[in-house]
Protein chains: 2
Amino acid sequence: MTDTDYMHIAIAEAKNGLGLTSPNPSVGAVIVKEGNILGKGWHRKAGKPHAEREAIANALKTHSPSELKGSTIYVTLEPCSTTGRTPACVEGIIDTGITRVVYGATDPNPIHSGKADKQLLGNGIEVLSGIEKEECEQLIKPFAKRISTGLPWVIAKTAMSLDGRITRPKGEGQWLTGELAREEVHRIRAEVDAIIVGGKTVRKDNPNLTIRGDAHRAEKKQPWRVVLTEHGKKSLSNDYKLFCDEHKERTIVYEDLTLIDTLKELAQLGCNSVLLECGGGLMRQFLEQELVDEVAVFLAPIFTGGSKFGFGLGDHLERSSFLRNPRVQTFGVDTLIRGDVRP
Amino acid sequence: MTDTDYMHIAIAEAKNGLGLTSPNPSVGAVIVKEGNILGKGWHRKAGKPHAEREAIANALKTHSPSELKGSTIYVTLEPCSTTGRTPACVEGIIDTGITRVVYGATDPNPIHSGKADKQLLGNGIEVLSGIEKEECEQLIKPFAKRISTGLPWVIAKTAMSLDGRITRPKGEGQWLTGELAREEVHRIRAEVDAIIVGGKTVRKDNPNLTIRGDAHRAEKKQPWRVVLTEHGKKSLSNDYKLFCDEHKERTIVYEDLTLIDTLKELAQLGCNSVLLECGGGLMRQFLEQELVDEVAVFLAPIFTGGSKFGFGLGDHLERSSFLRNPRVQTFGVDTLIRGDVRP
C-alpha cells in the first residue's frame with residue numbers, strides 16, 4: 001500500500017460526511033503504522049470532533065496510546081492549526097505522538113493555509129502534502145468557494161425534454177424524467193445546504209423539496225428551502241407545503257433581494273452549497289450573472305414543445321459558459337450531464 | 001456455432017451495405033455446410049446481385065457446385081421470390097441445391113411477404129425464419145418504412161448547447177460540438193440518401209453537406225441535398241456551395257412544397273432515408289407533423305443563451321414524442337442521445 005492508497009481510504013471516509021458538515025468541509029483521516037490501519041474517521045458535523053480527532057479516538061478503541069506513537073496520519077485536508085469550536089488538530093497530532101502527516105488539499109482559508117506545516121515540522125513531524133490533491137479538493141469545493149468568495153457553491157439542476165422544455169402537454173403526466181433520475185435528484189439534495197426556487201415554482205408545483213428514499217439520512221438536516229419572490233410574501237399562501245410541513249422552520253422567503261445578495265445571505269447562514277431548482281427565468285438570471293458553479297441537467301428522451309424552457313429565453317450570454325470534464329450518466333432512459341462551470 | 005451465430009455473420013455482412021443500397025435494403029448472407037463457412041456476401045448496390053447471389057458466387061470461388069449442395073444459407077431478409085432487376089433469389093437457392101434457408105426479417109412488402117417460404121418448401125427446402133429478427137429488421141428499417149408508407153425514414157439531427165440553443169455569442173467560434181462529434185455526423189450522413197435543410201441554413205452557413213473524413217466511401221453516392229424554401233429559388237444565390245461544387249447535380253430545391261409532399265417526392269426518387277439538418281423552425285414543423293422517425297441530438301457541454309433553439313418555439317406538441325430505447329454515446333466532451341421515435 002502506498003501513500004496514495006491510504007489517501008483513498010481517507011477520501012472514502014470523508015465522503016461519509018458529504019452534505020452533513022457545513023459550514024465545515026467534509027474531511028476524512030486514517031492512521032497507519034507499519035502497514036497496519038490503526039484507526040480511521042470522518043468529520044460528522046460542525047461542532048463535533050474533526051476527522052483527525054475521530055481517527056485518533058477510533059484507533060485508541062483497539063490500541064494503546066503507545067502503539068499510536070510513530071504512526072502516520074493521512075488526512076484529506078490540511079489539519080487545522082487554530083482552536084475553533086474544537087481544539088486544533090495539529091496539537092492532537094503532536095500529543096498523540098504521530099510522526100508523519102500526509103494530507104491532500106491545502107486549507108483554502110489563506111489565513112490558515114500552510115500554518116500546519118510549520119507547527120508540525122517545528123515538532124519534528126514529517127509532512128507530505130498534495131497527495132491526491134485534486135480529489136481531496138473536490139471534497140471541499142463548496143467550503144472552499146464560500147471561504148474564498150463569501151458565496152456558496154451553486155449547482156443549477158434542471159430536468160428537460162430533448163427540445164429543452166420543462167413541461168409536458170396537458171393531460172400527460174407531470175414528470176419528464178423517470179423514477180431513477182428523480183432518486184438521483186434526492187441524492188443531490190442530500191449534499192447541499194439550501195435549495196432555491198422561485199415563487200412561481202411554489203405556486204405551480206407546491207413542492208416540498210425534502211430528501212426522500214435512500215438519499216434520506218437521519219443525520220442530515222433538511223436543507224434550507226429558499227423562495228425568491230418579487231411579489232411579496234403575501235403572494236405565497238401559508239397552505240403551500242413549504243410553509244406548513246414538519247420542516248416549515250427551514251423555509252425562508254426573500255423578497256426583492258438580488259441574486260448575489262441572496263447567495264451572500266445563505267453563505268452567512270453557513271451554507272457551503274446551494275441547489276437551484278427554479279424555473280427557466282430565474283435559472284437564466286443566475287447563468288447570466290455568472291453565479292453558477294456546477295450544472296446538473298437531466299435529459300428525458302422526449303419531445304414536448306411548449307413555452308417553458310429549462311434555461312429561459314433571451315439574447316446570447318455575454319460569453320458561453322463551458323463545463324469542465326462533463327460527466328455523463330444514465331438513469332434508466334434519462335441522461336444526466338453534470339459538470340463544473342469553467343471559471 | 002448455432003443458427004444465431006451464423007446469422008450474426010450475415011448481419012455483419014449486411015452492415016457493409018448500409019447507406020449504399022437504396023432503394024433496396026441492406027442484406028447479408030452466409031452459406032454454411034457441416035460447420036464450415038463456404039461463402040458470404042452482401043448486397044452492394046441496387047441493380048447488382050442480391051446478398052444470396054453474392055454469397056453463392058463467393059462460395060463458388062473456392063468450392064465446386066457439388067460442394068454447395070446440401071448447404072444452409074443464412075440471410076438477414078426473406079429471399080426475394082420475384083424477378084426484378086435481378087433474377088429471384090429463391091430460384092438461385094433452389095438451383096444451387098441449398099437445402100436449408102434461415103432468414104431473419106420478413107419482406108416488409110405485403111405482396112411478397114411469405115411467398116419465399118411457400119416456394120422453398122415446395123422444393124423440399126427446409127425454412128426457418130425470425131432468427132435475430134429484431135436486429136435484422138433494424139437493418140431494413142428505412143426500406144421497410146418507405147415500402148409500407150411511401151415515406152422515407154426521417155432522422156432529425158441537431159447539435160445544441162445544454163440550454164437548447166444552436167448558436168454561440170458573437171466573437172466565439174461557430175461550432176458548438178467538437179471534432180469527434182462532427183465526425184459522427186459524417187458517419188450518419190453516410191447512411192442516408194438525402195439531407196434536408198432550409199433556405200435559411202444555406203444563406204447563413206453555406207454548408208456543403210458532403211461526407212468527409214473516414215465516413216467517406218468511394219461507393220457512396222453523395223446524398224441528395226434538399227433545400228426547402230418559401231422564398232423562391234431566386235432567394236438562393238448560385239454561389240452557394242450546394243449549387244456550384246462537384247456535387248451540384250445532387251442538389252434539389254423545393255419551393256412551397258408541404259413537408260409530407262417533400263418526403264413523398266424523395267421516396268419516389270428512391271430515398272429510403274432522409275436526414276434533417278435544418279434549423280429549429282423547420283425541425284419543429286417536422287416534429288409537429290409527426291414525420292420524424294429517429295432523433296440524434298448532440299449536446300455540447302456549454303451554455304450560450306441566444307434566440308435560436310434546436311427545436312423552435314411554440315406551444316406544446318399535441319402529444320409528447322418519446323424515444324424508444326435511447327442510446328447515449330459520448331464523443332469527446334459531447335453527448336449524443338439517439339433513438340427511434342415511439343410509433
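Student: What about B:Glu34, is it buried or exposed?
Tutor: B:Glu34 is exposed, because 8 other C-beta atoms lie within 10 Å. The scale places C-beta atoms from the backbone and calls a residue buried if 20 or more others lie within 10 Å of its own, exposed if 12 or fewer, and partly exposed in between.

Student: What kind of model is this?
Tutor: It is a predicted model, in which local features need pLDDT of at least 70 and side-chain atom pairs count only at pLDDT 80 or more, whereas totals for chains, interfaces and linings use all residues. Residues are numbered from 1 along each chain as its sequence is written, while chains are lettered from A and ligands numbered from 1 in the order in which they are written.

Student: Back to B:Glu34: where is its place in chain B?
Tutor: B:Glu34 sits in the loop between E1 and strand E2 (36-42) of chain B. Helices (H or I, at least four residues) and strands (E, at least two) are DSSP runs, numbered from the N terminus. B:Glu34 has a positive phi of about 45° although it is not a glycine.

Student: And what is the phi of A:Asn206?
Tutor: The phi of A:Asn206 is positive, about 45°, and this residue is not a glycine either. A:Asn206 lies in the loop between helix H9 (199-205) and strand E8 (224-229) of chain A. It counts as exposed, because it has 12 C-beta neighbours inside 10 Å.

Student: Which peptide bond is cis in chain A, then?
Tutor: The bond from A:Ser22 to A:Pro23 is cis, with omega near 5°. A:Pro23 belongs to the loop between helix H1 (3-15) and strand E1 (28-33) of chain A. In chain B, a cis peptide bond joins B:Ser22 and B:Pro23, with omega about 5°; B:Pro23 is in the loop between helix H1 (3-15) and strand E1 (28-33) of that chain.

Student: New topic: how many residues of strand E7 of chain A are buried?
Tutor: 5 of the 5 residues of E7(A) (194-198) are buried, so the strand is largely enclosed by the rest of the structure. A:Ala194, A:Ile196 and A:Gly198 point one way, A:Ile195 and A:Val197 the other way, and all are buried. In a regular strand the side chains alternate between the two faces of the sheet.

Student: How many bridges join E7(A) to E8(A)?
Tutor: 5 bridges join E7(A) to E8(A), and the two run parallel. Strands pair if DSSP finds at least two bridges between them. A:Ile195 has A:Arg225 in E8(A) as its bridge partner. E7(A) also pairs in the parallel sense with strand E10 (residues 273-276) of chain A, over 3 bridges, and there A:Ala194 stands opposite A:Val274.

Student: Which unit do E7(A), H9(A) and E8(A) make?
Tutor: They make a right-handed β-α-β unit. Right-handed means that, with the strands pointing away from the viewer, the path from the first strand over the helix to the second runs clockwise.

Student: Which residues of helix H11 in chain B are buried?
Tutor: B:Thr262, B:Leu263, B:Leu266 and B:Ala267 are buried in H11(B) (residues 259-268). They lie on the same side of the helix because they cover an arc of only 140° around the axis, the arc being that of the directions from the helix axis to the C-beta atoms. The face turned away from the buried side carries the exposed residues B:Asp261 and B:Gln268. After H11(B) comes B:Gly270, with a positive phi near 95°.

Student: How many residues does the contact take from chain A and from chain B?
Tutor: It takes 37 residues from chain A and 37 residues from chain B; residues are in contact if their C-beta atoms, placed from the backbone, lie within 7 Å. E13(A) gives the largest share of the side of chain A that touches chain B, 11 residues.

Student: How do E12(A) and strand E13 of chain B run, parallel or antiparallel?
Tutor: E12(A) and E13(B) (residues 316-331) run antiparallel, joined by 3 bridges. A:Gly305 stands opposite B:His316 in E13(B).

How values were computed:
Contact = placed C-beta atoms within 7 Å.
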